[in-house]
Amino acid sequence: MTTTHEMIARQQPLETEFGYRSTAADVISGRDLAGRRAIVTGGYSGLGIETVRALATAGVSVTVPARRVEVAEAALEELPGVEVAAMDLGDLDSVAAFTAGVREAASSIDLVIDVAGIMATPFQLTPQGWESQFGTNHLGHFALVGGIADLLSEGARVVSYSSVGHYRSPVLFDDINFESATYDPWVAYGQAKTANALFAVGLDARAASRGIHAYSVHPGGIMTDLQRHMPTEELLQRGWVDAEGNPNPLFKTAAEGAATGLWAATAPELLDRGGVYCEDSSIKGVVADDHSDPATGGVKRWAIDADAADRLWDLSVAATGLDPFRDARSATLTVPA
Ligand SMILES: NC(=O)c1ccc[n+]([C@@H]2O[C@H](COP(=O)([O-])OP(=O)(O)OC[C@H]3O[C@@H](n4cnc5c(N)ncnc54)[C@H](OP(=O)(O)O)[C@@H]3O)[C@@H](O)[C@H]2O)c1
C-alpha cells in the first residue's frame, strides 16, 4: 500500500501548461475521450454542469445522478449524450438504488467525477445517522464508487472534489458527528473536504494495480449555489461579494472552476502521481499544519496521510457495507511465513 512518505513525494509541485484562468474546454482540448462513459455527481449546477458540458462536447456519455431530477433534466436538456437518474448522496439507500441501476445499464465506466457537495450547512444527521456534510460529501461518494467499483475500466479515473476548506480540520475520528464538540459548520465542512482528499489516497492505493487511479482537487473559489447557507453579511465580511452583490474579481468563473477536475481526470502526467491533491490544473506541494493562507495553495499533510486514509477507508466500509478492491488490500496484508 502507498505510504505517507510516498504521498508526500508524489505531492511535489508540478507546473503545467495550464494555470489559474484555464477553463474546462482548455484542459481537455485535444484529449481523445469520444465513446467513454462517465458519472458526474452534482452535474446540474455550478462546476458540475461545466464539467458535463465539456465532457458531452468531447463525445463522452454522461450520467448525472440528481436529487432534484426535474431540475437536472431541464438544466441538461440541450447537452448530447447526457442522462439523469435519481440519487440523494445523503442517503445510502438512495445511492445503492442508483448504483443498482447503473449496473443494469452499463458494462463499464471510465470516469467518475465526484463534484456534488454541500457547505457549512446547519447541523443535521443523514438517515443513517451521520453528520450531513460528512455523510453527503464523503460517505455518499464512497458508496457510489464502491457500488460500481467492479465496472471501472482499466485506465479509469475517479476525481474527488475537495477544497482549500480542508485547512479547517482533519477528520475528527473520535467525534465525526460532533457528539462531544459543539457543532461548527465550517469545521464540519473542513472535515468532509479532508475526507474527500483522503478518499482519493485510499482508493488509488487499492485500485492502482488494476490501472485505476484517483485524485482530489481544489477547484478554486467560485460563486455558485454552494454558498446558499452563508448569510449576506458573512459573504461581505469575507470579501467574497461587494455591497452591490458582485463577486470578488479574484474568483474563478464556473468554467475555470471545472478545469482542475477535468485536468485530473485526463492528464497523462498524473499517471505516476496517484492520490495527489491538485489545484489550478497543477500540483502545489504540501503546507504546514498551521498554514492558514488559502491564496498560496498547497495541501495539508492530514489530507494526504496514508494512515488516516486507511482509517477512513475502514470506517467507510463499516458505514456502507461495501468493501471495494478488497482483494487488493488482502493481497498487501499477506505476511510471508
Ligand atoms: N464554489 C467554490 O468556491 C468551491 C470551492 C472549493 C470547493 N468546491 C467544491 O466544488 C464542488 C461543487 O461545488 P459548486 O460550487 O459547483 O456548488 P453547487 O453549484 O451548489 O453544486 C453542488 C451540486 O451538488 C448537488 N448536491 C448537493 N447535495 C446533494 C445530494 N444530497 N445528493 C445529490 N446531489 C447533491 C447539488 O444539487 P442540488 O442543487 O439539488 O442541491 C448541486 O448540483 C463541491 O464539492 C464543493 O465543495 C467549491
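**View 1. Seven strands form an open, parallel sheet.** In this predicted model, the strands line up in the order β3-β2-β1-β4-β5-β6-β7. Strands here are DSSP runs of E with at least two residues, and helices are runs of H or I with at least four, both numbered from the N terminus; two strands pair if DSSP finds at least two bridges between them. At the edges sit β3 (82-86) and β7 (277-279), each pairing on one side only. From one strand to the next, the twist averages 25°. Residues are numbered from 1 along each chain as its sequence is written. Local features need pLDDT of at least 70, side-chain atom pairs count only at pLDDT 80 or more, and totals for chains, interfaces and linings use all residues, while side-chain values use heavy atoms, leaving out hydrogens and water.

**View 2. Strand β4 meets strand β5.** Look for five bridges between β4 (residues 109-114) and β5 (residues 152-161), which run parallel. Isoleucine 109 has leucine 152 of β5 as its bridge partner.

**View 3. Strand β6 is mostly covered.** Six of its six residues are buried, meaning under 20% relative accessible area with a 1.4 Å probe and protein chains only (exposed is over 50%, partly exposed in between). His213, Tyr215 and Val217 point one way from β6, while Ala214, Ser216 and His218 point the other way. In a regular strand, side chains alternate between the two faces of the sheet.

**View 4. Strand β6 pairs with β5 and with β7.** Five bridges link β5 to β6 in parallel, and arginine 157 has histidine 213 of β6 as its bridge partner. Three bridges join β6 and β7, also parallel; here valine 217 partners cysteine 278 of β7.

Methods:
Axes are lines fitted to C-alpha atoms, for helices over the stretch in contact, and angles run from 0 to 180 degrees between N-to-C directions.
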